[in-house]
Amino acid sequence: MIIKTHHIYNKVAALAVSSLLLASCNDFFDILPMNEVVLENYWTQKGDVTSVLNGCYEALEQPDVITRMGVWGEMRSENIKGGSDVPNEINEILKENLLPSNSMCNWSKFYDVINRCNVLCHYAPEVQAIDPNYTLTEMKANVAEATAIRALCYFYLVRTFRDVPYTTQPSIDDGQNYVLPAIPFDAVLDSLIQDLERVKGDAARRYMVEEVSGSRILLPVDNTSRVTCWTIYALLADLYLWKGDWDNAIKNCDLVLDYKRQQYKEFVERAGVVSDIALFGDIPLLLERPLGSTTYGSAYNSIFGTGNSFESLFELYFASPQVVQNSWVGSYYYDRSRSTGRLSAWEGLLKEVPQGTNTMFNSKDCRAYESTGEGTSSSYIITKYSAQQVSFNTQNVKTMNDVKMNRAMRSSAYANWIIYRLSDVILMKAEALIEKGNDNFEQAFALINTVNKRALNVTPSSMSSDTLKMVNFVGSKKDMVDLLLEERHREFLFEGKRWYDLVRYSRREGNTTRLASNATQKYIQDLNVIKIKLSDPNYIYFPYSKNELKVNPLLHQNPAFNKGEDAELN
């Protein structure tokens with residue numbers, strides 16, 4: 001069994017100089033250079049770098065950042081509908097009535113994080129040169145962390161807005177020009193890949209060695225709540241998928257998969273039987289029903305309940321007494337004061353799953369019961385992340401009563417937010433294999449089936465048969481792509497990935513047919529109007545903020561939004 005050790009990466013409040021790194025900016029270009037006197041007195045020792053690095057992680061967790069991770073990556077997909085007390089800005093996005101005046105088009109807090117990372121990358125080598133206690137290895141590892149965080153922020157921005165202003169230079173000089181044009185999507189992608197390839201060998205493999213207590217594995221949370229080389233490999237694999245470089249995507253996925261195989265082997269050698277992990281093929285995954293258990297939900301409890309699981313590669317860490325909580329989950333997914341959230345799940349995701357007539361989920365698929373729950377007035381609440389612990393039955397179910405769901409909802413919003421986990425890597429490799437051609441379809445199917453079998457707890461000891469049959473899919477690329485996207489949909493429900501999946505395939509296929517067909521399933525009113533909007537490939541991105549256009553004459557509005565009173569203002 002695997003349990004977590006206490007979080008030892010102390011999230012101290014960043015010093016005053018850290019708060020000056022674009023603090024309280026209204027837009028990317030409203031930048032106040034740091035006071036030179038402060039700089040001269042600050043960047044002198046290792047602890048200064050550590051404080052700013054802490055600030056980079058803390059800035060990722062701020063409500064304006066994590067909420068946009070969810071809104072940008074999830075809300076325009078078929079997964080999400082309105083819930084209780086929906087703010088107008090959210091309601092307008094749900095109606096596909098996107099306007100540049102919507103505050104969710106404001107990207108300034110992402111650039112806050114980027115500039116913190118730029119400043120650290122600029123000064124860390126200078127500190128290392130004067131502080132004998134700050135080793136070259138430590139400095140390179142810190143720069144690798146900041147470079148990865150910066151790349152992650154830019155990756156969110158280009159997937160959301162397409163072309164964005166791009167710089168790796170810090171805001172530290174009054175003479176610097178920060179009125180920058182938007183750089184094309186592909187150019188930003190190439191730069192991010194180059195940066196990560198340059199630093200990937202410098203990043204830490206892990207921050208603490210896992211301990212064994214009897215048959216229990218103690219997992220230090222630092223190993224997944226800080227950037228490691230495994231984080232970077234996963235991010236690189238994702239970037240290469242968007243670029244269309246299948247071989248490099250597979251190479252980076254294999255690095256992660258080989259590490260997890262070795263890690264599991266070490267756990268077994270040190271602890272004997274590891275009851276909550278098993279090999280699905282040759283890939284170790286957490287079990288939904290551990291050895292000796294009679295109920296399901298264990299994998300969920302570890303991955304989303306406790307967090308920092310064996311499968312995690314990088315997640316944002318929230319825990320008491322930390323002041324900042326996960327505002328996206330705590331407000332939009334589930335709010336105890338309202339018994340629901342500002343958002344709800346589209347009913348097609350869960351309706352009639354136990355009866356076996358749902359088109360998305362098999363009646364034994366644990367993910368359906370873990371991700372959503374029945375609310376009031378025939379609505380479905382989002383329970384992924386919101387539930388701290390679940391236990392249920394999936395055998396011989398015909399109605400929801402047969403599931404016997406026991407769900408403990410969080411009393412506070414201290415839910416980690418996962419950026420990458422092992423399932424992501426498995427399915428990214430499968431996607432790259434599919435794109436390489438039909439000679440790779442069987443291998444790709446095996447990877448997709450691995451994720452599916454874990455969700456249905458189909459292990460050698462379960463004596464259950466596979467739900468997915470290879471012969472039904474490997475005959476055509478279309479069938480394989482459909483299967484891949486359906487499995488990603490089931491696996492990453494409400495994890496801020498679905499809209500980006502649809503956008504990626506729209507870019508690859510050269511049209512929005514797939515995106516529009518899927519995303520509009522939740523609509524009844526204005527369906528044809530929304531389909532027409534989504535037929536425009538420019539409309540699948542967000543518009544630039546109205547305020548951003550006012551201050552940057554080099555920024556030109558996305559043509560899908562360049563009309564009316566919210567049109568380009570320069």
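Which backbone oxygen does the side chain of Asn558 reach? Keep that in mind as you look at this predicted model.

The answer is the backbone oxygen of Asn538, at 2.8 Å from the side chain of Asn558. Asn558 itself is found in the segment after helix 22, which covers residues 546–551. With a relative accessible area of 5%, Asn558 is under the 20% cut-off, so it counts as buried. Setting aside neighbours within four places in sequence, Asn558 is in contact with Arg162, Asn538, Tyr541, Phe542 and Tyr544.

Now hop over to Thr228, in the loop between helix 9 (222–225) and helix 10 (229–243). Its relative accessibility is 0%, and therefore Thr228 is buried too. Thr228 and Ala203 sit 25 residues apart along the chain, yet their C-alpha atoms are separated by 5.5 Å. Ala203 is also one of the residues that Thr228 touches, and others include Tyr207 and Leu313.

Here are the two side by side:

| Residue | Where it lies | Relative accessible area |
|---|---|---|
| Thr228 | loop between helix 9 and helix 10 | 0% |
| Asn558 | segment after helix 22 | 5% |

Next, the nonpolar core. The largest one has 181 residues, and Met69, Leu157 and Trp417 have the most contacts inside it. Helix 7 (residues 136–161) gives the most to this core, with 15 residues.

What does Leu157 touch, leaving aside neighbours within four places in sequence? Its contacts are Trp72, Trp107, Phe110, Tyr111, Ile114, Arg162 and Val164. Spot Arg162 in there: Asn558 is in contact with Arg162 as well.

Key
Residues are numbered from 1 along each chain as its sequence is written. This is a predicted model: local features need pLDDT of at least 70, side-chain atom pairs count only at pLDDT 80 or more; totals for chains, interfaces and linings use all residues. Side-chain values use heavy atoms; hydrogens and water are left out. Helices (H or I, at least four residues) and strands (E, at least two) are DSSP runs, numbered from the N terminus. Buried means under 20% relative accessible area, exposed over 50%, partly exposed in between (1.4 Å probe, protein chains only). Contact means heavy atoms within 4.5 Å. A polar contact is a pair of N or O atoms within 3.5 Å; within protein, one must be able to donate a hydrogen and the other to accept it, and residues adjacent in sequence count only if both atoms are side-chain atoms. A nonpolar core is a set of buried Ala, Val, Leu, Ile, Met, Phe, Trp, Tyr and Cys residues joined through side-chain atoms within 4.5 Å.
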